[in-house]
Amino acid sequence: MDSHSADLHRRATVIDGLVFFSDGSTRDMLAGGVSAINVTVSDMGADFEQALRDCMAWRQRCAAPDSSWLLVETPEDIVRAKQTGKLGVIMGWQNGKPLGDQIDRVALFHELGMRVIQLTYNEANLLGDGCLEKRNAGLSDLGLKMVEEMNRVGIAIDLSHCAPQTCLDAAHHSSKPVLLTHANANAVIKRPRNKSDEVIKAVAATGGVVGCSIHAYLSWRGDPRQQPLLSDFVANVKYIGELVGYDHVGIGTDFPSVDTYEAVRHVMVMSRTKYAKSGGDFSDAFGDVMEARYPVETPTPAQFPAFTHALHEAGLTDSQILGVLGGNFQRALAQAWAAA
């Protein structure tokens, strides 16, 4: 990597918009110069009780005297994580299921440190439809009320796995920025989880951010001889940046933060079997090999500086790169977390 890109990466506050699992390891994220990550702290099918246990487990992990984690509850905590060399954990979910039909649970989980909630996973829940539901019915009345309450207490709304109409309903109804923490543009690479220009524009209109992803389920072009490349990631960044402005582009890798990928074998199998429609074709071609799900240049988070170099080589300005690396998420999260 050239010296300019290396210096730019050191200066940046790097935020990964989505890390789908962590076993508690910060090794590769810190090696890659990452400051904070939105970690899915509960399984996508977790119920209320399990979500409570998961929140408390992460709070205890961060509070340990020798912890390399820093719990992020305010925008200032992200700054503090970078200054102290710790890894900031933004507690998030990829499914609003633990909320049930109890609106007051939003404030409860905010009190416990929850700061990002994806309204639905791939299927429907009480709040609305996920992206693999064929009916595309959008948000329920309860879902609309949950959006209002998340705006009120200061929890950021994630729409990455939501159906198109759910995304549009939430963006139009929210008074705060909404996020696609890990999604790409269907206009660049058509995949079941990627988003239309209409959805991307609606998210940007709220002041939100699209975290372009390197995960094969979102960035694979369908060639069984070629796993994703960083050029596929760059193509999405540039397309979305030109479509809605680079102030609305970030990075959401969909990496895990683990010591070994064996720790996420259960997720690999789950994604191939239960959700074959979103990525089964890739798994058929490459098997349950986590490294294969990411660009050949960046098999783990330790290679995060390669993103900076690739964006620099692609002609983005320093200001645009700093925004994509984390500055844009930092701004949008601060706005979303401000109590109404």
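Reader: Leaving aside neighbours within four places in sequence, which residues is G100 in contact with?
Author: This is a predicted model: local features need pLDDT of at least 70, side-chain atom pairs count only at pLDDT 80 or more, and totals for chains, interfaces and linings use all residues. Residues are numbered from 1 along each chain as its sequence is written, and side-chain values use heavy atoms, leaving out hydrogens and water. Contact means heavy atoms within 4.5 Å. Beyond four places in sequence, the partners of G100 are R105, L126, L127, L142 and M146.

Reader: How far apart in space are G100 and L142, C-alpha to C-alpha?
Author: G100 sits in the loop between β4 (87-93) and α5 (105-112). Helices (H or I, at least four residues) and strands (E, at least two) are DSSP runs, numbered from the N terminus. L142 is 42 residues away from G100 in sequence. Their C-alpha distance is 9.7 Å.

Reader: Is G100 buried or exposed?
Author: Buried means under 20% relative accessible area, exposed over 50%, and partly exposed in between (1.4 Å probe, protein chains only). The relative accessible area of G100 is 18%, so this glycine counts as buried.

Reader: Which elements are among those that cover the buried residues of α11?
Author: Helix α11 (residues 265-273) has V267, M268, M270 and S271 as its buried residues. They fall within an arc of 165° seen down the axis, so they line one face of the helix. That arc is of the directions from the helix axis to the C-beta atoms. The cover includes β1 (15-22), α9 (216-219) and α12 (276-286).

Reader: What relative accessibility does R293 have?
Author: R293 lies in the loop between α12 and α13 (305-313). Its contacts, neighbours within four places in sequence aside, include M268, S271, F282 and D288. R293 counts as buried, because its relative accessibility is 2%.

Reader: Which elements are among those that cover the buried residues of α7?
Author: Helix α7 (residues 164-173) buries T166, C167, L168, D169, A170 and A171. Its cover includes α6, β7 (178-180) and α8 (197-205).

Reader: What is the phi of N136?
Author: Most residues other than glycine have a negative phi. N136 lies in the loop between β5 (114-118) and α6 (141-153). It counts as partly exposed, at 29% relative accessibility. N136 is not a glycine, yet its phi is positive, at about 55°.

Reader: And what is the phi of D254?
Author: D254 is in the loop between β9 (249-251) and β10 (255-257). It is buried, with a relative accessible area of 10%. Though not a glycine, D254 has a positive phi of about 65°.

Reader: What is the radius of gyration of the protein?
Author: The fold has 14 helices and 10 strands. The globule rule gives 20 Å for 340 residues, and the protein comes close to that, so it is as compact as a globular protein of that length. The radius is taken over C-alpha atoms, and the rule is 2.2 Å times the number of residues to the power 0.38. The value for the protein is 18 Å.

Reader: What share of contacts with a separation of 6 or more comes from residues 24 or more positions apart?
Author: Of the 340 residues, 60% count as buried. Among contacts with a separation of 6 or more, residues 24 or more positions apart account for 73%.
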